[in-house]
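Hello,

Here is the structure I said I would pass on. Please have it open while you read the notes below.

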Amino acid sequence: MNFNYLNKVVLITGGGLGIGRAASLLFAEHGAKVVIADLNEKNAQETVGLIKEKGGEACYFIADIAEKEQVEALFKAVLEKCGRIDVLVNNAGIYYQGNAVETPVDVWDKIMAVNLKGAYLCSREVIPVMEKQGGGVIINVSSEAGLVGIKGQVAYNVSKAGLIGLTRSMAVDHAPIIRVNCLCPGTSATPLVEASIRKEKDPAGAKMNLEQVRPMKRLGTPEEQAMAILFLASEEIAYATGAILSVDGGYTAQ
Ligand SMILES: NC(=O)c1ccc[n+]([C@@H]2O[C@H](COP(=O)([O-])OP(=O)(O)OC[C@H]3O[C@@H](n4cnc5c(N)ncnc54)[C@H](O)[C@@H]3O)[C@@H](O)[C@H]2O)c1
């Protein structure tokens, strides 16, 4: 399949690392002008450097997507620089381990603010832009945890389930001009996932446990998730809106 993103402006939140970095590289390989919005300047700079090394076009802006004023300033700056936004990937997200009793209220609020409110804040900035342009696509990066109740991570699960609801609501509200789709990745071997496995008492055992609970008996890769994002945003699948795609090694099919 020949995905063509030539001259398309693709804004990826959390593009500095992990799945967001892989998606940034892949969109750039397919001709897109990639804009990364991230909190971490070093990571964002590195991703932009990797894209430019391969002859691609990219830039970054520092913003906390949980903060309304920063999001408004981000979109103003991106539009001033690029003139349009064809694809928004709401990818930035954070994780916390704890059940309802263990999760402090301020942590609950923070998880919701980044994972769910952040996607809403970015979407409400981009929707009028895409409507004016006559088209655009929003991809929300949820999780397998949005589809099932994974033990001991209640705030994360709820925030990711919320993103599925946000996808469906915005898809209905803004069709036919804007398409809104959602990716539900399964645990993928991003640097942070690998680092958290290394911190376990028995890293090899912890990794094997994560692998063995999946029919595919392995973790995903950031590149596989990036390909799913590229596909969901592409014109090749222009009839898909409100779609929720699991790329989780069969975890939620069980
Ligand atoms: N890696 C996995 O196994 C996995 C599985 C399911 C879902 N996901 C989801 O995929 C997305 C990407 O995950 P990842 O593992 O690549 O993450 P990561 O932690 O490797 O990278 C996340 C990026 O988002 C940025 N970020 C965090 N908070 C931000 C904020 N408030 N504003 C702007 N940027 C912010 C970070 O600086 C970082 O560059 C997340 O939404 C995550 O929940 C990941």
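How many residues of domain 1 are in contact with how many residues of domain 2? Six residues of domain 1 touch five residues of domain 2. Sorted by class, the side of domain 1 that meets domain 2 has three nonpolar residues, two polar ones and one charged one. Please keep in mind throughout that this is a predicted model.

The two domains come from the domain assignment of the protein chain: domain 1 is given as 9-185 + 223-246, and domain 2 as 186-219. Their C-alpha centres are 24 Å apart.

Next, the ligand. Which residues are the closest to the ligand? They are Gly 14, Gly 16, Gly 18, Gly 93 and Ser 143, out of 28 residues that surround the ligand. Both domains take part, since domain 1 and domain 2 each give at least three residues to this shell. Three helices, α1 (18-29), α4 (105-133) and α6 (191-199), each supply at least two residues of the shell. The largest share is that of α1, with three residues. By class, the shell has 12 nonpolar, 14 polar and two charged residues.

The other part to look at is strand β6, which covers residues 178-185. Is β6 mostly buried or exposed? Eight of its eight residues are buried. In a regular strand, side chains alternate between the two faces of the sheet. In β6, one side carries Ile 178, Val 180, Cys 182 and Cys 184, and the other carries Arg 179, Asn 181, Leu 183 and Pro 185. Both of these faces are covered. Note that Arg 179 and Asn 181 are among the buried residues.

Which strands pair with β6? One of them is β5 (residues 136-141), which runs parallel to β6 and is joined to it over six bridges. In this pair, Ile 139 stands opposite Asn 181 of β6. Another is β7 (residues 244-247), which also pairs with β6 in the parallel sense, over four bridges. Here Pro 185 faces Val 247 of β7.

Between β5 and β6, follow the chain through helix α5 (residues 154-174): β5, α5 and β6 form a right-handed β-α-β unit.

To find your way around, you could begin with β6 and its partners β5 and β7, and then go to the shell around the ligand, where domain 1 and domain 2 both contribute.

Regards

Conventions
Residues are numbered from 1 along each chain as its sequence is written. This is a predicted model: local features need pLDDT of at least 70, side-chain atom pairs count only at pLDDT 80 or more; totals for chains, interfaces and linings use all residues. A residue is buried if 20 or more other C-beta atoms lie within 10 Å of its own, exposed if 12 or fewer, and partly exposed in between; C-beta atoms are placed from the backbone. Two strands pair if DSSP finds at least two bridges between them. A crossover is right-handed if, with the strands pointing away from the viewer, the path from the first strand over the helix to the second runs clockwise. Domain bounds come from an automatic or database domain assignment. Two residues are in contact if their C-beta atoms, placed from the backbone, lie within 7 Å. Ala, Val, Leu, Ile, Met, Phe, Trp, Tyr, Cys and Pro count as nonpolar, Asp, Glu, Lys and Arg as charged, and the others, Gly among them, as polar. A residue is near a molecule or strand if its C-beta atom, placed from the backbone, lies within 6 Å of it.
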